[in-house]
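I have one model to go through this morning. Please have the sequence and the structure in view.

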Amino acid sequence: MGSLSIWHWLVVVVVVLLLFGRGKISELMGDMAQGIKAFKKGMSEDDVKAETKPDQMKTIDNAGGMKTRAETEKKVEGSV
C-alpha cells in the first residue's frame, strides 16, 4: 500500500498520451533540449569572458567620422 505498481504507471502514461498527444510531448521535450543547450552555451561564454583581461579599455577613433561628416555638411551647404 502506498507504492505505485507498474500498472498504475502504465495507466498514467496512457492518460497523459491521450491528453497531450504524442506530438505535443515530443515538441515539449525538443523545446526543453534547446533550452538546456542554450543554457550550456551561455555558461561556456561566461567562462570565456571571465578569462579575458578586464583591464583592456577600448577607445573609439572618431576623427575619421567627424571629417566625413564635415565634408558632407559642406557638400550639402554648397548644393543649396
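L4, I6, W7, W9, L10, V11, V12, V15, V16, L19 and F20 make a nonpolar surface patch of about 1200 Å². A patch takes residues with over 30% relative accessible area and no salt bridge, joining like charges within 9 Å and nonpolar side chains (Val, Leu, Ile, Met, Phe, Trp, Tyr) within 5 Å. A salt bridge here is a side-chain nitrogen of Lys or Arg within 4 Å of a carboxyl oxygen of Asp or Glu. Areas are Shrake-Rupley with a 1.4 Å probe, and for residues only the protein chains shown count as cover.

This is a predicted model: local features need pLDDT of at least 70, side-chain atom pairs pLDDT 80 or more, while totals for chains, interfaces and linings use all residues. Residues are numbered from 1 along each chain as its sequence is written, and side-chain values use heavy atoms, without hydrogens and water.

V15, from the patch, lies in helix α1, residues 6–51; helices are DSSP runs of H or I, at least four residues, numbered from the N terminus. V15 is partly exposed at 41% relative accessible area, that is, between buried (under 20%) and exposed (over 50%). Buried residues are 0% of the 80 in the protein.

Methods
Helix = DSSP H or I, 4+ residues; strand = E, 2+ residues; numbered from the N terminus. Buried < 20%, exposed > 50% of the residue type's maximum accessible area, 1.4 Å probe, protein only.
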